Amino acid sequence: MIEIWYAILTFMLVMFIVLEGFDIGAGLLQYVVGKTEAERRLVIAAIGPLWSWHEVWLVSFGGVLFVAFPTILAVSFSGFYLALFLLLWCLLLRGIAIEVSGHIAEPLWRTAWHFIFVLANVLLAILIGAALGNVVRGVPLGADGKFSLAFFTNFSPLGHVGILDWFTVSCAVFILVTFAAHGANALVLKTNGPVQERSRRLAGFLWKVVAALLVVVTLETWRVRPEIFSGMMHKPFAWLGLAGVIGGAMMIFTGLRGKGELRAVLGSSLFIAGLMIAGAASVFPIMLHSTLAPENSLSAYQN
């Protein structure tokens, strides 16, 4: 039964990252692909209809944690208290910017809210990337089953770590660029004219950067938590995730090259989902790895 709940939890997180990743990625590119007020409004219109729906997956993720993994919920939410509030504030600011930026035609008003919109999306991508990096790297869980995180300590991913170190910063940059590439793919599908052409050119460049960063983050993960890769070899669902990464990459390449906009979007969604599934399957049953001592780690069965 725990395995089924873990699969449901992973599904919730994958859906949030894939769908919200499009919203965040398109939003942080607003000033890059939109050069006029009308073009910037086109970007907002592309994500406008469903942006609030996608956040429901995050609420569902928390609900599944509450029902199936209460110990993990209690320990992680108290330890990540600062990061969670930063995430919530950025979600609020982005939502407010979407709702009020078009209410007044004053250029200064709209410019200010567009800036807040882009900044909130950039910070959201960085926070989500750093959070995922913290889960992969581990947290300073003590023998009492508790931990707290400063912004950073000595910038090392071992021992008494903080939210930021060289590994989690790398993960944050990787997610930032991946979301931007994913958002550019979707803007190619959902827009037209100059915005579409700029998004198409940008997507081609960004996915090359994603490929390079993926190699870097993979090597760093091998150094920080090598057991993930040994666990991956014995988990069929991790193989399924890796197949998704490879298949998604091929769909992105052929979609962008042949102007198959929908195929490129489905490919980027599959690529991101494959990474998440492979990672989640590889670390199971450990949900909170301790950077202080492996025996302090919390597994899915400790509830």
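**Notes on helix packing and the cores**

1. Helices (H or I, at least four residues) and strands (E, at least two) are DSSP runs, numbered from the N terminus.

2. Please keep in mind that this is a predicted model, in which local features need pLDDT of at least 70 and side-chain atom pairs count only at pLDDT 80 or more, while totals for chains, interfaces and linings use all residues. Residues are numbered from 1 along each chain as its sequence is written, and side-chain values use heavy atoms, leaving out hydrogens and water.

3. Next, look at helix 1 (residues 2-28) and helix 9 (residues 166-190), which pack at an angle of about 85° with axes 7 Å apart. Axes are lines fitted to C-alpha atoms, for helices over the stretch in contact, and angles run from 0 to 180 degrees between N-to-C directions. Helix 1 is therefore roughly perpendicular to helix 9 (65 to 115 degrees; under 35 is roughly parallel, over 145 roughly antiparallel and the rest oblique). Residues making the contact include Ile-17, Gly-21 and Ile-24 of helix 1, and Phe-179, Gly-183 and Leu-187 of helix 9.

4. The largest nonpolar core has 53 residues (such a core is a set of buried Ala, Val, Leu, Ile, Met, Phe, Trp, Tyr and Cys residues joined through side-chain atoms within 4.5 Å). Ile-17, Ile-24, Phe-179 and Trp-207 are among those with the most contacts inside it. Helix 9 gives the largest share of this core, 11 residues. A second, separate core of 30 residues includes Leu-9, Met-232, Val-283 and Leu-298.

5. Trp-207 deserves a visit: leaving aside residues up to four places away in sequence, Trp-207 touches Thr-178, Ala-181, His-182, Asn-185, Ile-252, Leu-256, Ser-268 and Phe-271.

6. Finally, the axes of helix 10 (193-224) and helix 13 (261-283) come within 13 Å and cross at roughly 25°, so helix 10 is roughly parallel to helix 13. Among the residues making this contact are Trp-207 and Val-210 of helix 10 and Phe-271 of helix 13.

Note on methods. Contact = heavy atoms within 4.5 Å. Buried < 20%, exposed > 50% of the residue type's maximum accessible area, 1.4 Å probe, protein only.
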